[in-house]
Amino acid sequence: MPDTVEKKSAKVKLRELQDKIAQDAWDAKNRGEKVGWCASNFPQEITTTMGIAVVYPENMGAAVGAKGGGQRMCEYAEGMGYSGDLCSYSRINFAYADLKKCEELEIPFPDFLLCCNNICNCMMKWYENLAIELDIPLLMIDIPHLTKEKCDPERIKYIRAQFDDCIRQLEEITGKKMDYDKLNEVMAVSQRSSKAWLRAVSYMSATPSPFSGFDIFNNMAVACVGRGTPEAAEAFEALADEYEELVKEGKSTFKGEEKYRVLFEGIACWSNLKFTYKALQSRGVNVTASIYGPAFSFLYGSMDELMAAYAYVPNSNCFEKEVSLRVIDARKNKVDGAVFHMNRSCKNWSGKLYEMERQFKEQTGVPTIVFDGDQSDPRAFSEAQYDTRVEALVEIMEQNKKEGK
Amino acid sequence: MAADIFTLGIDVGSTTSKCLILGNGEEIISSAIIPAGTGTSGPGRALEAALSEAMLSRQDIAAVTATGYGRNSFEGADYIVSELSCHAIGAHAMFPDAKTVIDIGGQDAKAISIENGKLGSFVMNDKCAAGTGRFLDVMARVLELDVSELAEKDAMAGRVIPISSTCTVFAESEVISQLSKNVDICDLVAGIHASVAVRTASLVRRLGLTPPLAMTGGVAQNAGIVRALSKELGEEISVSPLCQLAGAYGAAIHGFNKLKGRK
């Protein structure tokens with residue numbers, strides 16, 4: 001059994017950096033600067049370079065869910081007339097936009113909105129609605145869904161044109177200027193962060209994995225919003241170094257013996273994070289593969305490649321490529337099974353999940369389960385239903401091991 | 001030869017508790033079904049009834065294996081196993097050739113593939129408990145029938161009145177609405193069965209329809225459901241009089257196998 005180790009300082013650094021990014025936004029707001037609400041897969045290189053403070057309603061939705069406020073906020077939004085079928089992040093955000101307070105977490109109110117539809121289609125209407133309700137400008141970048149593996153030059157040209165126009169509008173709104181030399185620096189720093197993040201998650205292929213796979217859900221927040229800062233690059237490099245050291249020592253932050261290794265597909269059930277984790281951990285199941293590994297690293301060497309990188313994110317990428325990313329990750333990280341989250345919030349993701357599971361299973365040969373849940377609305381999740389599926393998966397994995405499969 | 005190793009399987013379901021005692025992993029010594037599930041006196045009563053019928057005491061049982069929705073809250077289990085594994089094992093014991101098992105329980109429906117006599121893979125109902133045993137209980141109550149009478153009514157149906165709502169409560173309203181039109185109750189029962197069959201068949205297809213098929217769980221006692229499901233899938237479905245005990249049967253076998261493994 002690997003020795004259990006305390007949380008390392010890289011995690012603390014990442015948490016502090018996350019807090020700092022949040023505080024920077026409040027400080028900017030208090031100084032009278034324009035602050036934006038921003039979609040998680042919007043090119044952060046733009047705002048980081050221009051020194052524009054933005055905050056992320058999706059991250060707030062996850063945090064509110066994790067802290068137990070998801071249902072209350074969702075129910076409030078439903079009382080306003082929003083459908084319960086809408087994404088729970090959007091419902092939490094609509095509730096916050098109306099209430100202007102939230103006991104779990106608050107973010108500064110926006111002066112403009114930055115939306116990008118590469119992660120979600122619901123988000124276009126979500127942000128359009130906010131723009132009308134709050135009477136503020138909305139800047140939208142349309143990233144066409146990829147229908148083949150490579151992002152073609154026409155798409156890149158189309159995205160680039162919007163990128164340029166977005167910068168021009170942001171300059172008007174905020175009064176801050178884009179410095180293209182600085183953009184190159186930010187792109188270089190983002191590359192450092194992305195490569196370090198990829199190196200960190202690559203250690204999941206070790207046996208045992210040096211960390212509990214659920215850690216990814218927490219660490220990816222900074223990978224998502226702050227990777228263009230030197231502090232983020234340093235923190236991710238420290239994280240990768242720590243994992244490398246743990247691999248050498250045969251240690252892990254995963255509590256207990258790692259008997260089975262699984263891929264966890266989808267966004268976490270933030271409101272039920274503890275239960276979903278414990279049901280796996282208590283049976284010796286560690287998550288050693290997740291699309292959050294490869295998905296939140298944006299590798300590029302030029303402006304055109306930067307444009308293309310934002311088309312390769314999950315939900316914008318072509319389906320076959322998405323399946324193959326998971327299959328490659330699962331094989332490399334030697335998974336014994338897979339857990340697919342049917343996230344009722346995300347129609348984009350849940351709509352393709354059964355087919356993704358079918359193809360994944362066919363290509364890897366490992367057993368899979370699908371469970372119903374939601375990223376931040378606990379009403380879609382049943383503990384007993386989840387637990388039964390996990391238990392049965394473990395029984396199949398145990399049998400497979402006995403039979404040497 | 002008289003059995004000398006007794007193993008007991010108890011399937012603590014959401015609506016019913018089932019218990020079965022096995023001798024030497026093969027001979028069914030006794031069984032009990034109590035229509036009260038987890039959190040009630042049902043599990044204890046099922047256990048006592050099975051022991052009493054077998055004229056055994058708890059000390060005579062070499063291994064107790066709990067399964068079903070209430071498996072974790074059952075005290076005194078030597079092993080706890082998911083109902084998916086237990087139904088696969090139990091169904092294999094009843095139907096050694098079966099490749100696919102359909103189990104409709106009180107709150108969920110499952111399609112299970114059997115590999116080497118054990119659980120291979122499975123698909124369960126998603127989102128809600130529509131099309132499960134509880135759904136049929138509600139419908140029977142609206143029709144002022146006992147759930148055991150549904151099969152008989154189904155057999156007399158001249159046509160199938162479609163019930164389209166997925167939600168149990170809305171489906172109940174649909175049935176009430178049909179009743180107010182004075183439709184033949186037998187046709188309505190056939191429609192209720194068809195709606196369950198369509199939902200269950202989609203699970204089987206998603207798993208991969210591999211015959212021979214068998215059905216376990218309490219709902220398998222309803223010949224109307226079995227007939228509708230068989231028609232929907234275009235395959236024969238084997239059913240045993242012990243279908244409701246399949247989970248407990250599989251649990252008792254599992255306990256015996258564990259003991260054998262220890263030796």
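Let's start with two helices in chain A, H8 (residues 180-202) and H10 (residues 230-249). They pack at an angle of about 20°, with their axes 8 Å apart. Axes here are lines fitted to C-alpha atoms, for helices over the stretch in contact, and angles run from 0 to 180 degrees between N-to-C directions. That angle makes H8(A) roughly parallel to H10(A). On the wording: under 35 degrees counts as roughly parallel, over 145 as roughly antiparallel, 65 to 115 as roughly perpendicular, and the rest as oblique. Helices (H or I, at least four residues) and strands (E, at least two) are DSSP runs, numbered from the N terminus.

H8(A) passes H10(A) in a left-handed crossing. Left-handed means that the near helix is turned anticlockwise from the far one by less than a right angle; right-handed means clockwise.

Before going on, a word on the source. This is a predicted model: local features need pLDDT of at least 70, side-chain atom pairs count only at pLDDT 80 or more, and totals for chains, interfaces and linings use all residues. Residues are numbered from 1 along each chain as its sequence is written, and chains are lettered from A and ligands numbered from 1 in the order in which they are written.

Back to the pair. Which residues of H8(A) meet H10(A)? They are Val189(A), Arg192(A), Ser193(A), Ala196(A), Trp197(A), Arg199(A) and Ala200(A). Facing them in H10(A) are Pro230(A), Ala232(A), Ala233(A), Phe236(A), Glu237(A), Leu239(A), Ala240(A) and Tyr243(A). Contact means C-beta atoms, placed from the backbone, within 7 Å. By class, this contact has 11 nonpolar, 1 polar and 3 charged residues. Nonpolar covers Ala, Val, Leu, Ile, Met, Phe, Trp, Tyr, Cys and Pro; charged is Asp, Glu, Lys and Arg; the others, Gly among them, are polar.

Stay with H8 of chain A. The loop between H8 and helix H9 (215-225) of chain A holds Pro208(A). A cis peptide bond joins Thr207(A) to Pro208(A), with omega about -5°.

Next pair: helices H11 (residues 273-281) and H16 (residues 383-402) of chain A. The angle is about 25° and the axes lie 10 Å apart. So H11(A) is roughly parallel to H16(A). H11(A) passes H16(A) in a right-handed crossing. H11(A) brings Phe275(A), Thr276(A), Ala279(A) and Leu280(A). H16(A) brings Glu383(A), Tyr386(A), Asp387(A) and Val390(A). The class count is 5 nonpolar, 1 polar and 2 charged.

Residues of H14(A) in the contact include Phe319(A), Val323(A) and Val327(A). Among those of H15(A) are Met356(A) and Phe360(A). By class, the contact has 6 nonpolar, 3 polar and 4 charged residues.

Asp135(A) is not a glycine, yet has a positive phi of about 55°. Asp135(A) sits in the loop between helix H6 (122-134) and strand E4 (138-141) of chain A.

Chain A as a whole has 16 helices and 8 strands. Its C-alpha trace spans about 65 × 45 × 40 Å along the principal axes.

Now chain B. It has 8 helices and 10 strands. Its radius of gyration is 19 Å, close to the 18 Å that the rule gives for 263 residues, so chain B is as compact as a globular protein of that length.

How is chain B divided into domains? Domain 1 is 6-90 + 244-262, and domain 2 is 98-239. Those bounds come from an automatic or database domain assignment. The C-alpha centres of the two domains of chain B lie 26 Å apart. Their contact takes 14 residues from domain 1 and 18 residues from domain 2. On the domain 1 side, H2(B) gives the largest share, 6 residues. That side has 5 nonpolar, 9 polar and no charged residues.

Chain B has a cis bond too, from Pro211(B) to Pro212(B), with omega near 0°.

Last, the chain contact. Chain B gives 14 residues and chain A gives 12 residues. On the chain B side, helix H2 (83-94) and strand E8 (118-124) each give two or more residues. E8(B) gives the largest share, 5 residues. By class, the chain B side has 6 nonpolar, 3 polar and 5 charged residues.

Conventions:
Contact = placed C-beta atoms within 7 Å. Rg over C-alpha atoms; globule rule 2.2 N^0.38 Å.
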